[in-house]
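Subject: Structure for you to look at

Hello,

Here is the structure I said I would pass on. My notes on what turned up in it follow below.

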Amino acid sequence: MCNIAHLSAAPAGDRAYLKALVQASIHHFQEFRGAGAGVANGSCCAVMKSGPGPQDFVFGHSQAHNLDPDAPHHGGLFNPDHHAERVVYTAAAAHPAHHNHLFVELPPCASCAAWLQATTPHGFNVWYLYADTESMRLAHAYGTEAELATLDSIL
Ligand SMILES: [Zn+2]
């Protein structure tokens with residue numbers, strides 16, 4: 001049972017935590033984003049904390065299913081099980097003490113929103129940033145500094 005909201009709605013007490021979370025996602029994925037590099041500009045990314053340390057993060061993205069040879073038989077990206085927020089939440093399952101916040105770049109689709117409501121504990125928070133895939137694709141194309149500046153303008 002979670003709250004799903006745009007980052008701009010984050011309460012003051014959560015903003016520093018969330019800023020570090022989103023910055024980690026930006027820096028992590030810029031290392032291998034771009035044509036032929038692994039994660040395309042149109043691919044949605046997600047992050048959660050995996051521990052109390054400043055570098056303790058776990059990541060998910062919408063192309064992770066490409067690493068699973070069995071995934072094409074289960075719908076690839078057309079199967080919402082493979083969307084970024086589910087990938088990261090599942091990856092973070094080994095770190096339950098740090099399950100308070102999830103950041104995903106796009107608003108969860110209807111299927112993922114229902115899954116998150118059914119799966120997450122009471123009080124869990126899911127934060128998104130971009131309105132739609134095209135906005136996200138453009139933000140990725142503008143690059144890391146532009147992404148960080150956008151984040152600074154929100155949190
Ligand atoms: Zn989804």
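Phenylalanine 103 has tryptophan 127, in strand E5, as its bridge partner. The model is a predicted one: local features need pLDDT of at least 70, side-chain atom pairs count only at pLDDT 80 or more, and totals for chains, interfaces and linings use all residues. Residue numbers start from 1 along each chain as its sequence is written.

The sheet

Helices (H or I, at least four residues) and strands (E, at least two) are DSSP runs, numbered from the N terminus. Strands E4 (residues 101–104) and E5 (residues 124–128) pair in the parallel sense over three bridges, where pairing means that DSSP finds at least two bridges between two strands. They belong to an open sheet of five strands with mixed pairing, in the order E1-E5-E4-E2-E3. E1 (2–6) and E3 (57–61) are the edge strands; each has a single partner strand, so one side of each is left without a neighbour in the sheet. Helix H1 (residues 15–30) packs on the sheet and touches E2 (45–49), E3, E4 and E5. The direction of H1 makes about 40 degrees with that of E4. Axes here are lines fitted to C-alpha atoms, for helices over the stretch in contact, and angles run from 0 to 180 degrees between N-to-C directions.

The core

The largest nonpolar core has 35 residues. Such a core is a set of buried Ala, Val, Leu, Ile, Met, Phe, Trp, Tyr and Cys residues joined through C-beta atoms within 7 Å; a residue is buried if 20 or more other C-beta atoms, placed from the backbone, lie within 10 Å of its own. Among the residues with the most contacts inside this core are Val88, Leu102 and Phe103. H1 gives the most to the core, with five residues. Leaving aside neighbours within four places in sequence, valine 88 is in contact (C-beta atoms, placed from the backbone, within 7 Å) with residues including Ala46, Phe59 and Leu102.

Helix H2

Six of the eight residues of H2 are buried, so H2 is largely enclosed by the rest of the structure. The buried residues of H2 pack against E2, E3, E4, H3 and E5. The axes of H2 and H3 come within 10 Å and cross at roughly 25 degrees. The two helices are therefore roughly parallel to each other, a label for angles under 35 degrees. Glu85, Arg86 and Tyr89 in H2 meet Cys112, Trp115, Leu116 and Thr119 in H3.

Regards

Definitions and conventions
Two residues are in contact if their C-beta atoms, placed from the backbone, lie within 7 Å. A residue is buried if 20 or more other C-beta atoms lie within 10 Å of its own, exposed if 12 or fewer, and partly exposed in between; C-beta atoms are placed from the backbone. Angles under 35 degrees count as roughly parallel, over 145 as roughly antiparallel, 65 to 115 as roughly perpendicular and the rest as oblique.
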